[in-house]
Amino acid sequence: MRYTGPKVRLSRRAGTPLTRKAVSYFEKRPYPPGEHGRRVRRSTSDFAVRQAEKQKMRWYYDVSEKQLLRIYENAKKRSGRTGEEMIAELELRLVTVVLRAGLAPSVYAARQYVNHGHVTVDGKKVDIPSYQVKPGQVISVKEKSRNMVPFVEAAEGVHADEKIAGYLAVSHRDLRIAVVDRPKREQVPVPFDEHLVVEFYAR
């Protein structure tokens, strides 16, 4: 199951900010949540470390355990390194592309936009967050949705990172994203070690 509780709480459990909003909260309370969070001693066994990285990946991309395991199995079949292939597949989920392009403030908002039918791929509505976008495809916001406050803000670049991911060509003014290439590992800054995630599943 996907986590649906307080999002900042996840960052405190993970020990690192998983969303933009969590950064300021995490600076104030960089310890696990709960009454005894400051005193909790975390396990440092190899299994615990690998499991923690797997959880970070899950929470960062807002996927279920079942979805992440399927992504691992798919990545194993590709010719590249399994961890890097996992990240590439996660980055090409429609919900992640919408987030990376700066059309949403968080992965949770991006999921909501897709679920509610505000996003199109090659001109056709797609309301499946896990939809795998391919290089050459174009994502945009439906005409009827463009006057909504979140998309007016997105068109002004409010949610955009200082540097847009190199595998995307983005026009915020037009609320349009073109996927120009498959993501390369060095283009994706993530707060976890994908190699440990692979080791967790390969055990």
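These questions and answers walk through parts of a predicted model.

Visitor: How do the axes of helix H4 and helix H5 stand to each other: parallel, antiparallel, perpendicular or oblique?
Guide: Helix H4 covers residues 65-76, and helix H5 covers residues 82-91. Their axes come within 8 Å and cross at roughly 125 degrees. Roughly perpendicular ends at 115 degrees and roughly antiparallel begins over 145. H4 and H5 are therefore oblique.

Visitor: Is the crossing of H4 and H5 left-handed or right-handed?
Guide: The two axes cross at roughly 125 degrees. The hand of the crossing of H4 and H5 is right-handed.

Visitor: Which residues in H5 meet H4, and how many residues of the contact are nonpolar?
Guide: From H4 come Leu-68, Ile-71, Tyr-72, Asn-74, Ala-75 and Lys-76. They meet Thr-82, Glu-85, Met-86, Glu-89 and Leu-90 in H5. By class, the contact has three charged residues, two polar and, as nonpolar, six.

Visitor: Which strands stand at the edges of the sheet?
Guide: The open sheet has five strands with antiparallel pairing, in the order S2-S1-S3-S5-S4. Each edge strand has a single partner, so one side is left without a neighbour in the sheet. Those strands are S2 (124-125) and S4 (168-171).

Visitor: Which residue in S2 stands opposite Val-121?
Guide: Strand S1, residues 119-121, runs antiparallel to S2, and two bridges join them. Opposite Val-121 stands Lys-124.

Visitor: How many residues of helix H7 are buried?
Guide: H7 spans residues 107-115 and is largely enclosed by the rest of the structure. Among its buried residues are Tyr-108, Arg-111 and Tyr-113.

Visitor: What is the phi of Gly-117?
Guide: Gly-117 follows H7. Its phi is positive, near 80 degrees.

Technical notes: Residues are numbered from 1 along each chain as its sequence is written. This is a predicted model: local features need pLDDT of at least 70, side-chain atom pairs count only at pLDDT 80 or more; totals for chains, interfaces and linings use all residues. Side-chain values use heavy atoms; hydrogens and water are left out. Axes are lines fitted to C-alpha atoms, for helices over the stretch in contact, and angles run from 0 to 180 degrees between N-to-C directions. Helices (H or I, at least four residues) and strands (E, at least two) are DSSP runs, numbered from the N terminus. Angles under 35 degrees count as roughly parallel, over 145 as roughly antiparallel, 65 to 115 as roughly perpendicular and the rest as oblique. A crossing is left-handed if the near helix is turned anticlockwise from the far one by less than a right angle, and right-handed if clockwise. Contact means heavy atoms within 4.5 Å. Ala, Val, Leu, Ile, Met, Phe, Trp, Tyr, Cys and Pro count as nonpolar, Asp, Glu, Lys and Arg as charged, and the others, Gly among them, as polar. Two strands pair if DSSP finds at least two bridges between them. Buried means under 20% relative accessible area, exposed over 50%, partly exposed in between (1.4 Å probe, protein chains only).
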